[in-house]
Amino acid sequence: MMKRIALLASLLLLVVTLHACLSHAHSNSTAEALALLDWKASLLSLTNRSVLTSWTVSSRNAEASPCSWFGVHCKGNSVYRINLTSYGVKGTFHAFPFSSLPNLKELDLCINGLFGTIPPQINQLSNLTYLDLSYNQLSGKIPPQIGQLIHLRTLHLVQNLLNSSIPEEIGQLKSLEELSLQNNYLNGSIPSSLGNLANLTYLYMLNNSLSGNIPSEIGNLSSLQELYIDNNQLTGSIPSTFVNLKHLRLLHLSTNSLSGSIPSEFGHMESLNELKLFKNNLSGFIPPSLGNLTDLTILQLYENKLFGPIPEELGNLKLLVSLEVSQNQLNGSIPSSFANLSNLETLFLRDNQLSVHWAAATKHLQSGTLEYFIANDNHFRGPIPKDLKNCSSLKRVRLERNRLTGNISEDFGVYSSLEFISLSDNDFYGEISPQWALCNNLSSLQIARNNITGRIPPELGNSTQLQALDLSSNHLVGEIPKELTNLASLTRLILSGNQLSGGIPIEVGSFSQLEYLDLSANTLSQSIPGTIGDLLKSYYLNLSSNNFSLGIPPQIGKLVQVNELDLSHNVLSGEIPTQFQSLQSLSTLNLSYNNLSGNITFFNELRGLVQVDIGHNELEGPVPDVPAFQNASIQALEGNKGLCGDVSGLKPCKLSKNGHHKLLYATMFPLLGATILSIAILAFFLGFKKQGKVADEESESIMINENLFAIASFDGRMLYAEIISATNNFDSQCCIGEGGYGNVYRAELSSGDIIAVKKVHPQRADEVRAAKEFQNEVMAFIDIRHRNIVKFYGFYWSAEQSFLVYKYLEKGSLATNLSNKEAGKELDWDKRVNIIKGIAHALSYLHHDCLPPIVHRDLTSNNVLLDLEFEAHISDFGMAKLLKPESSNWTNLAGTYGYVAPELAYTMKVTEKCDVYSFGVLTMEIIMGAHPGDLISTLPSSSLEKQLLVKDVLDQRPLPPSPDVQDQLMSVMKIAFMCLTHNPHSRPTMYAHLHEYVILFHLNLFNVSKLSFLDLAHNGSYGNILSEQCLLSTLDHLAKDHNNVSGTIPQEIGKLRSLSQLFLHENKLSGNIPSMGNLSNLVNLFLGVNELPSPITEELGMLRSLGLFGLSRNHLNGSIPRKLDGLSFLYLSSNKLSVSIPAELRMLRSLCQLQLWNISLTGQILIP
């Protein structure tokens, strides 16, 4: 009995204990769930969906478990892993329940929108083994308390906004195996305590701002397999202790400022697969011991200061795939042992001093796998080796600027994979072989500046992949083969400096993709074919120094993208076609030394023209009133028949009697305008006048569309009656829209033509204002001619009834289209971008091409009309203000709520910037499909937030945009954000910064992979330098000088590796000069006359191609770089430099000009 009682007691105790445990477990689980819900409540969403919808409980007091929630994993009833990778979560990390998750071991919140700092309370996750907060917007410092997570094996903080230094306490994480800190803004030195992490296998610290020496303690990381510290600011030598890293496979130390020699001990690191030391200041010989690294596949040592020969021992690296030693000071030959490199695909030797006989140096070169052979800018001489002729695997070959000789028609073979070959600036002779046409993948063939003779083989017309052909400065004869016009992909054709004869093939218009055409300095004759006007993508056209005759074809006016046009030194005659006024992108024009005649007043339309030369022709009349002509030298205008004007060296123009009348009218019109208009509006002015009217009466009528004129051969009174009849006396059923001060009606005339008639509301008590509004619209429209502004036909005014007559636009208002579900779907993204572009063009015209400028003042989606092609047309000028200099204020607030600039709430000052603000609102409305409302007041500031916002607010009705279009939309929204700046002075003008964007979209520059020349100088641009301009990786020339550009120079500019010319002078740029150490091809760097305050970095002094270095008239401080090799022009005057002149300047043998005035120099002037 007692046993049974004891047994029952034991069972009862067990049940109670189990119940207590279960209750405790349920209690813990509920606590964890409630804590996570509190964190959820602090979060936002990067998308339109709700945040963490599965994270919920039925009642806050009920028992709950998070174990079934999305991204939450439990062991028992306790959370041990949370994984919300790429879930669109936005918020801070501070509300995370660190103390409520004692068993959490893995936390993965990467690729979200977390911002703010990493809180020190993270140390409460004491059991954490895995932490990944990568790809967020976390800022501030890495908390030292993270070093208390002693069980941590993986720590990933990649691509955030973290700054400050790496805490020493990370060295306490003895279990750590992976440490990834790349792509942040970390600075300071690498802590030596990292050498304590004996289990560390992967260490990534690339793309930060780390400085100082690499600590020798890194050599203690015996388990390390991958080490990435590239793209920082590290200095000093490479520690010899690296020899202890026996398991290291990948070592990347590139793009720093490391100095000293490459340690010979590297030859003992036999596990190395990749060794990247490029873009440092390493000097000395390449260690022969590197030949012991038999597992090495990539060896990149380019852009250092290495000298001496290439060691024969490198031929032992039989697994080597890529060897790059360009841009050093290496000499001697290519080792014969390279014949053993049977896997070599990439061999880069350019920009060295390799100078032995070419054939002897390469006779053993293995050709079986070689794809990229780059050896330009050396001193190689002799013929091309036969081994290279048979190297069928070649894809890219650059041998320009050497001393190579040989018969070009015999020394090269057929390369089925070849994409690019440059043989320019050598001494090749012979004729161009037709076999080049058999290289089916060839996209660029460059054989300029050699001694090539013979004719251009017509077979080249079969090279359908060819995009660039440069045969300039040779001795080619004969005609340009018409077969070349079959090259539909050709973007660049340079045949200048030869003895080509005959005419330009009439089929030249078939070059549909051609952007750059240079046929100058030949003996071409005949007339310039009109088909040249079909080269619609051309931005450069040079036909100078030939024998072209007859007239300039008017079709050249179709080349709306041409930036530079040179027809000088020919025998062209006749008048310059007036179609030239369509060349709105033209900046440089040379028509000198021809026989051209007539006047040139139509050039007044070319406001973007910067440089002009029309000397030595038969031109006459006034010189155009645009800066290019007014600022031109007399040499650019002299030698003509009778040019006149207020230009130095020209005689003034004599006013004719008619001219005096025009001057009188121009003087009297501001005073008598209202009186003249009052008289004019007594009659019906639709342009219909009886045939018996004299010319003076006709000059007072309003011009009307020719088609309507042909339809109605009766007077205005009869047409008035027809409009009244067609609108049923302005019946509401004919009304198609309501404007600010009148309704719009559709009227179909008896001829079948349809017009839009705006009937002004009956005169109100404020009749003066009604008359003023009517007068504004008439005066604003009377001289306007623009494709994106509704065409105006005429008006009628009487005391009883008044109306205006416009062209009818079939698709109605933009607002109607955006508010309609099906119409909104039809408005795809290409159409929407084009609509925005059209509105920008129209506003630019009103603000900058009308005199006086016109401010619309009521730009809304209701006042933008669409035609059948969805082209935008601005309408409703009832609120328009003619912005005369003496008048800037109105006494009442006008416009539509939601579009009015904020400054008009407290000031009545009306400027173009009011329209710019409305344009920003309208742009967002077009992208979103609805008015942005309160979103305007909460616009993001960071670029990432802007990108996320754009994705969030895109109208969902059209199909999703392609990646290219999405990039365009991002740029469009950047325009909108700039326009919505609260301070009107910070908004760009339509003509300057916004017009620049319009040009970029028109040329589709952001998607032009081959663009090499971008000149945006002298156009009055405001705002910042667009980072998109720094993504054009092929850009060779970037000019944005002589503008009003402010802000900092984008960091992205340092990625333009092809850049040779950078002109940003005479702006208002500030901030630090970005890293430009990658711009190894930079020849001219001109940043003068800005507000740059930073020191001149030493890396600028290491750009070996740099010839001109201009930084005068800034606020620069610090010292002058000691290394400025090869410099010809150095301008540093008017800065805050306070240093001695470096002795190294004595070594600049090529220096032509040195300007150091108005700075605080000390010490002695050292004469070489």
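Biologist: How many bridges join strand 48 to strand 49, and do these strands run parallel or antiparallel?

Modeller: Two strands pair if DSSP finds at least two bridges between them. Strands are DSSP runs of E with at least two residues, and helices are runs of H or I with at least four, both numbered from the N terminus. Here, 3 bridges join strand 48 (residues 735–738) to strand 49, and the two run antiparallel. Cys-735 stands opposite Tyr-745 in strand 49.

This is a predicted model, in which local features need pLDDT of at least 70, side-chain atom pairs count only at pLDDT 80 or more, and totals for chains, interfaces and linings use all residues. Residues are numbered from 1 along each chain as its sequence is written, and side-chain values use heavy atoms, leaving out hydrogens and water.

Biologist: How many bridges join strand 49 to strand 50?

Modeller: Strand 49 is joined to strand 50 (residues 754–760) by 7 bridges, again in an antiparallel arrangement.

Biologist: How many residues of strand 49 are buried?

Modeller: Buried means under 20% relative accessible area, exposed over 50%, and partly exposed in between (1.4 Å probe, protein chains only). In strand 49 (residues 742–748), 5 of the 7 residues are buried.

Biologist: Why does Ala-930 count as partly exposed?

Modeller: Ala-930 counts as partly exposed because its relative accessibility is 39%. This residue lies in the loop between helix 13 (912–928) and helix 14 (943–953).
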